[in-house]
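Here is a short briefing to read alongside your sequence and structure.

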Amino acid sequence: MTTAISTVGTHDIDPARFRQSLGHYASGLTVVTTLIDNELIGFTCQSFYSVSTEPPLISICVKASSFSLPKIRQAKRFAVNILSAEQAAISDIFAQRGADKWQGIDWTPSPSNCPIISGSLHWLDCELYAEHAAGDHLIVIGKVTAMNDSLTGSKCPLLYYRGQYRQLRDEGLVV
């Protein structure tokens with residue numbers, strides 16, 4: 001049996017509809033942080049993934065017009081804080097532009113002095129490795145230089161699916 005698949009050409013793709021389509025892919029949430037000239041920098045990043053194990057590389061996608069990106073370039077380092085299910089409010093705070101994001105946020109310095117947000121599920125300390133232009137975003141590659149020693153725990157990750165925060169439970173995804 002053959003079924004017809006509806007398609008649209010590239011010139012017909014509405015950005016809002018495209019974003020809605022991508023929302024059908026569940027992803028974890030992170031806060032990317034750095035510290036430069038005593039200024040704390042951080043932003044929520046949904047687009048995070050592994051690239052290589054030899055060498056250990058990860059990637060984040062950052063809007064080219066981001067306030068944080070030039071700071072990360074200047075610092076040449078950043079940390080990826082993988083958020084736990086209990087940190088939806090932190091994700092919201094760091095998703096804002098121009099706000100005092102760090103007020104009331106408990107953090108400790110990573111080995112490279114990047115902020116590690118307390119309560120995060122896991123963290124990776126990275127040095128800036130490469131950048132690649134991709135439309136209105138940049139693909140930023142980080143070489144992992146240190147990470148959280150604890151690989152086990154009872155916390156679940158904070159997930160984002162179809163425009164809402166979601167959580168895992170022992171019995172599966174909570175909708």
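A disulfide is a pair of cysteine sulfur atoms within 2.5 Å. With that cut-off in hand, let's look at this model, which is predicted. It holds zero disulfides, an open sheet of seven strands and three aromatic pairs.

**Cysteines**

- For cysteine 61, the closest cysteine sulfur is that of cysteine 45, and the 6.9 Å between them is too far for a bond.

- If you trace the seven strands across the open sheet, the order is β3-β2-β6-β9-β10-β5-β4, with antiparallel pairing.
- The two edge strands, each pairing on one side only, are β3 (39-45) and β4 (48-53).
- Neighbouring strands of this sheet are turned against each other by 35 degrees on average, direction ignored.
- Inside the sheet, β5 (residues 56-63) and β10 (residues 137-147) run antiparallel and are joined by seven bridges.
- To find one spot in β10, look for valine 140, the bridge partner of isoleucine 60.

**Helices on the sheet**

- Helix α2 (residues 68-75) packs on the sheet, where it touches β2 (30-36), β3, β5, β6 (77-82), β9 (122-134) and β10.
- The direction of helix α2 makes about 55 degrees with that of β2.
- Helix α3 (residues 88-95) packs on the sheet too, touching β2 and β3.
- Between the directions of helix α3 and β3 the angle is about 110 degrees.

**Aromatic rings**

- A pair of aromatic rings is described by two values, the distance of the centres and the angle of the planes.
- The structure has three such pairs.
- In one of them, phenylalanine 94 and tryptophan 102 have ring centres 4.9 Å apart and planes at 80 degrees, so this pair is edge-to-face.
- Tryptophan 102 also pairs edge-to-face with tryptophan 107, at 6.3 Å centre to centre and 70 degrees between the planes.
- Together, ring pairs link Phe94, Trp102 and Trp107 into a cluster.
- Tryptophan 107, at 27% relative accessibility, counts as partly exposed.

How values were computed:
Residues numbered from 1 in each chain as written. Predicted model: local features only at pLDDT ≥ 70, side-chain atom pairs only at ≥ 80, totals over all residues. Heavy atoms only, no water. Phe/Tyr/Trp six-rings, centres within 6.5 Å; stacked < 30°, edge-to-face > 60°. Buried < 20%, exposed > 50% of the residue type's maximum accessible area, 1.4 Å probe, protein only. Pairing = 2+ DSSP bridges. Helix = DSSP H or I, 4+ residues; strand = E, 2+ residues; numbered from the N terminus. Axes fitted to C-alpha atoms, helices over the stretch in contact; angles between N-to-C directions. Contact = heavy atoms within 4.5 Å.
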